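Work through the exercises below with the sequence and the model at hand. Each task is followed by a solution in steps.

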Amino acid sequence: MLLAFILAMGATMLLQKAFTPKLGLDLAGGTTVTLSPVTLNNASPPEEILDRAVNIIRERVNGTGISDAEVAKSGDNIIISIPGVGQSEAIKLVATTAELRFRQVLAMEATQVPQDLATNAPSPGASQSAAPSASASAAPSTTASGSPQQSAKPSQSAGAPSASPTGKALSSALTAPTPAASASAAPSATQSAQGQKNDKKGQNAKATPSASPSAQASTPPAQDPNAPQINTQGIDPAVLAQFNKLNCADPANRGQGVQDDPNKQYAGCETDGSYKYVLDVAKVVGTDIDTASAGVRQGTTEWVVQLDFKSKGAGAWADLTQKAYSSQEPRNKVAVVLDGVVITAPNIISPIPGGRAEITGGFDQASATTLADQLKYGALPLKFNRSSIDSVSSTLGQDQLQGGLIAGVIGLGLVVLYCLLYYRGLGIVAVLSLVVASILTYTAVVVLGHNAGFRLSLPHIIGLVVSIGITADSFIVYFERIRDEMKEGHRTLRAAVEVAWVRARRTILIADAVMFIAAIVLYFLAVGGVAGFAFAMGLTTLIDIVVVFLFTKPFIALLARLKFFAKGHPLSGLDAERMSEHGTAARPTTPQEA
Amino acid sequence: MGLARRLYRGEIDVDFVGKWRLWYSLSGVLLLVSIVGLLVNGLNLGVEFRGGTVFSFKTSQNVTVEQVRDAIREDGVHQVIVQSAGNGWRVTTESLQEDFRAQVQSDIAKDFNTPAGEVSVQAIGATWGGEVSQKAWIGLGVFMLAIILYLSMAFEPKMALAAIVALFHDLIITAGIYAWSGFEVTPATLLGFLTILGYSLYDAVVVFDMIKEVTAKLGHTSKMTYSMAANNALNHTLIRSLNTSLVAILPVAAILFIGTTLLGAGTLKDLSLALFVGMIVGTYSSICVATPLLVTLKEREPKYQAIAKRLASTKGTGKGAKGGSKSAAVAKG
């Protein structure tokens, strides 16, 4: 059975062509950042906000193009592991506070995409020509006249980025949730047609004739005839310069983690990079939101996102929407900026007093829920304290790995030596058991590494080395019991092996249970490396039980049939003569000792 | 017969339980000294608790501690602690700002002819240690509760109590050794402390298991008091306890050796030092503290008082009873 177990593990290793454990960053080299998020009044954040923070940080890390980075929650902390060295920029980026901001759009422009990028990613390529059509078609919707107010999936539904160009080219609409707003229900039909076209990877957008932009007649003609013209009135020249330089096709520029100062104008990209915007100062921020939810509008099948503002936010929101409503395209949009990027920029169809608003346009359940979540938790009222930053160079990591392995080998060697010296023949059983335990541990670490993302780190190695003691102890308990039985002398070896096992088994299980409880407690309450150590300890405790039950015990029972052991050969470790001078038959009376 | 020989044969009969006054006073003194040390010296908390920045690098150049210290002071860093191990260096400074940290990092690389990517940096916020120790305390509390519950069920509440007291004993003395010696306390050390608890209990559990087995036979006609039986069980498992501890300490000693010689200060050393000290204390306490304490608790029970009284009257003085424990020796099977 044990053999089958080992073979199964070995086969898994063979099949996955995985023979070496995956190494943690402290061994392989890399940077580990531990963030301790706290709310603004220094309390620990609720679980759901923490989860949201993990998602935001994960998006940021992915946005920087770092491969193989991991973002994980560990208790109240967030641990970010970035392989490779020299990632200080990335660290700066990930540990900033995300806050949701509502900014009026001052100018927008579709992203210019280099040709080579367009070929492997059809989506951004389409957006170039899609841009004019967007402003053209979106313009009528400001009047809420019921003309095709085209709206598509909002950006954050970017599970399928290829579908987004048209989504970006068009926009959602923001209304007060009044019956009057049902005007926007009509366009949803248009939208669903649009959605179908979206699935054809933006062909629709390409097919759209590039109409010249309609609304901004007053601006001077740009040098690039394709570029939409921009009404620069009221735009900070510095921000405008930034805007002109901004290349949203490059994911690195999408601003994740950029602290957009709410009191300044801001140039930023849409999440998928299809648009860039100049945005006004933030008039409303995430903390002004009371709640947000996704739902189906009554009497329709259309998914909408509803927003409720707090009383203080409601006034500001009414002002903002009033201002946007009375502005011309594209200034009739209010961008929702999360973490430096525009997650959506709906048109304002009407001024929205009363603190309730509704975003419509091409949502499905998933995208509506995502947006609602972003609005609800997007304002992360969290500070990320950078609790620890640990950047380990690969050579230092290699040294530690080497040191840990050398220590392991020395430790194992000493234990083997001691077992052989003290237990002689039985020592061979102990050594073989340790070998089996080592093989099991190694295969377990490799298989876990490739299937459960387990990465061997320094604390793991220490945990494994320390556990050699636990494993060896099980044999010692058992061997001592056998020797006890032999010393009492009224049993044959075969009987002694069985009787001793019954007693030793109980002790081993109880003692291992204590270690296991310790490991579990350490694992769940630990920070940083402690969890790894505890995991290793728990793993080896389990392996210890498996080895003792399935290997050591049967093996000894087998040996007990051998003459060498049964007759108590001096080298067997079960030498009756040596164990008791009073012979095997007599109950030993221990000599007096003061 | 030499001690080693008797040890090998398991023919030990030391009256551990009878000497409880000795152990109690020894432990009492140790505890007192430890507590005084903790109060007077306090613990030498590592950078993880105080907050700070640690640079680690290797250089092929021949440099002295002073040279390294001066080179880093030149950058305008105030507190500089330099530790060396082989050709590796570990420099601990106060908390440095992100940009400053990067600058020091590149200066080190320049000064000591090391690739910039090979200068490792560890930056720890001042609040980090508080969180680590808070978690450690919570961990300790939960662990204690879980263990008391488990031992109360697997054995009995009095055994759980004795084991827990021995645990605190180990913890305080180990901490005391840290206070007096000035060894640095890092999260790895805390980890070591928590692991010691596991080991200390593991040891006690094996001894208690035997005590439970031996004392289960005690009845109206038995010739042993609880303390005699316990002492018997203790002697029975002594070889195992010593062997186990030795076998457990061997790998830890290996880590300690490698950690100190090859790698210098760091996780390996901190953890193994705590384990090394704690395991020795733990072995002592499971034999000389946990068991005598258990006996003290159990001898108060009427059942065992009756046995003690009966044996005392038949055998005369307590001294006789003590002798009896020896002749009764192995009273099982």
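**Exercise 1.** How many helices and strands does chain B have?

Solution. Chain B then has twelve helices and six strands.

The model is predicted: local features need pLDDT of at least 70, side-chain atom pairs pLDDT 80 or more, while totals for chains, interfaces and linings use all residues. Residues are numbered from 1 along each chain as its sequence is written, chains are lettered from A and ligands numbered from 1 in written order, and side-chain values use heavy atoms, without hydrogens and water.

**Exercise 2.** Which element of chain B has the lowest mean pLDDT, and which the highest?

Solution. Take pLDDT, the predictor's confidence in each residue from 0 to 100. Its mean over chain B is 79, with 88% of the residues at 70 or more. By element, the lowest mean, 41, belongs to helix H12 (residues 318-328) of chain B, and the highest, 90, to helix H2 (residues 20-40) of chain B. For the model, ipTM is 0.77 and pTM 0.64.

**Exercise 3.** What percentage of the residues in chain B is buried?

Solution. Apply the cut-off for buried: under 20% relative accessible area (1.4 Å probe, protein chains only). Of the 333 residues in chain B, 58% are buried.

**Exercise 4.** What percentage of the accessible surface of chain B belongs to carbon and sulfur atoms?

Solution. Compute the area by the Shrake-Rupley method with a 1.4 Å probe. The total is about 13,500 Å², and carbon and sulfur atoms hold 64% of that surface.

Terms used: Helices (H or I, at least four residues) and strands (E, at least two) are DSSP runs, numbered from the N terminus. Buried means under 20% relative accessible area, exposed over 50%, partly exposed in between (1.4 Å probe, protein chains only).
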